[in-house]
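Subject: Structure for you to look through

Hello,

Here is the structure I said I would pass on. Please open it and keep it beside this message while you read.

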Amino acid sequence: MVLASRRMSPSLPDRAAVALQYLLPKRLLTELAGALARRPLGALTQVAIRRFIDRYQVDMAEAAEPDPLAYATFNDFFTRALRPGARPLAEAAWVCPVDGAISQCGPIEGGHIVQAKGHGYTAQALLGGDAALAAAMADGVFATLYLSPRDYHRIHMPCDGVLQRMVHVPGTLFSVNPATARGVPGLFARNERVVCVFEGQHPSGRAFPWALVLVGATIVGSMATVWHGVVNPPRPGTVRSWDYTGRDVRLARGVEMGRFLLGSTVVVLLPPGVARLRPEWAPGQPVRMGQAMADWL
């Protein structure tokens, strides 16, 4: 596993923020926030939306409905659609599935994924223990994309795919902001997540598996997909799996595949010999849905 040669010590504020998260009742806070965000609370909802827009400088001019007063619930606002043409698709084989920033990206070296300097986790852990799928991804490439509160929170297909299965993996609910990624080992393989496995087709005609992992976080009330609806809640504490093989659920490059009800992180996993990330893709770079991400090998 190739990580940094020496572990960098988190700053004192980072250490304090991470320590507090170990103490907080993260699941209770998340369920409470989700319940409130789902309810139409009239004036309280409108105040919350306006304060959120002001605090995070949300660009409502990009929204299909730019009027904050038009949203009955906070979730309606948070998962707002964009106006037509706001995110044109680049001329690339693979496009970015979300608005956000690149947390990390690069090779899956020996089945290991870099989380932050000095931290990493295995593809098998991220994928809920699926050894066969993890082996298929070994020595491929990954991209971890962080969605901040101000970002557009619908998730789109980076490439054409036929859905094979979906797995809801229980876990904790740490924040996924950069400070927490630096301070919590194996963060993305510890948090609750929804693993979506697709079959793609290389221009050569070869079929291959690839995965899009939706990672939950503190205050993420739920995650949803277009083919299933809301996946969580419920949170039964056990792995749940849905098999879609033979059901011909096809999603084209650029179409919506899911959404976060409050923000989080997406991890894209591609097997070896399929695609290479664009050279401009590097940790810390802002990205937008639809921009070029990778090209066929």
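This is a predicted model: local features need pLDDT of at least 70, side-chain atom pairs count only at pLDDT 80 or more; totals for chains, interfaces and linings use all residues.

Single residues

UniProt, in an unreviewed entry, lists Ser-264 under "modified residue: Pyruvic acid (Ser)". In the model, Ser-264 sits in the loop that joins strand 14 (256-261) to strand 15 (265-270). Is Ser-264 buried or exposed? Its relative accessibility is 0%, so Ser-264 counts as buried.

Next is Gln-104, which belongs to strand 2 (residues 100-107). Gln-104 has a relative accessible area of 17%. The cut-off for buried is under 20%, so Gln-104 is buried. Which residues does Gln-104 touch, if neighbours within four places in sequence are left aside? They are Val-114, Gln-115, Ala-116, Phe-142, Ala-143, Thr-144 and Pro-283.

Asn-75 is part of helix 4 (residues 74-78). With 7% relative accessibility, Asn-75 is buried. Asn-75 and Arg-38 are separated by 37 residues in sequence, while their C-alpha atoms are 5.8 Å apart in space.

Aromatic rings

A pair of aromatic rings is described by how far apart the centres are and by the angle between the planes. The count for this model is 15 aromatic pairs. One of them is Phe-74 with Phe-78: the ring centres are 6.1 Å apart and the planes meet at 25°, so this pair is stacked. Both residues are in helix 4, four residues apart, which is about one turn of the helix. Phe-74 is buried at a relative accessible area of 13%, and Phe-78 is buried at 3%.

Another pair is Tyr-121 with Phe-188. Here the centres are 6.2 Å apart and the planes are at 75°, so the pair is edge-to-face. Tyr-121 lies in strand 4 (residues 119-122) and Phe-188 in helix 8 (residues 187-190), so the pair ties together parts that are 67 residues apart in sequence. Tyr-121 counts as buried, with 5% relative accessibility, and Phe-188 is buried too, with a relative accessible area of 1%.

Where do aromatic residues form a cluster? Trp-94, Phe-198, Phe-208, Trp-210, Trp-227, Tyr-244 and Trp-296 make up one aromatic cluster.

There is also a charge over a ring to look at. Arg-80 lies over the face of Phe-77, at 4.8 Å from the ring centre.

Regards

Notes
Residues are numbered from 1 along each chain as its sequence is written. Side-chain values use heavy atoms; hydrogens and water are left out. Helices (H or I, at least four residues) and strands (E, at least two) are DSSP runs, numbered from the N terminus. Buried means under 20% relative accessible area, exposed over 50%, partly exposed in between (1.4 Å probe, protein chains only). UniProt positions are given in the numbering used here, feature names are shortened, and annotations may be inferred rather than shown by experiment. Contact means heavy atoms within 4.5 Å. Rings of Phe, Tyr and Trp (its six-membered ring) pair if their centres lie within 6.5 Å; planes under 30 degrees apart count as stacked, over 60 as edge-to-face and the rest as tilted. A charge sits over a ring if NZ of Lys or CZ of Arg is within 6 Å of the ring centre and within 35 degrees of the ring normal.
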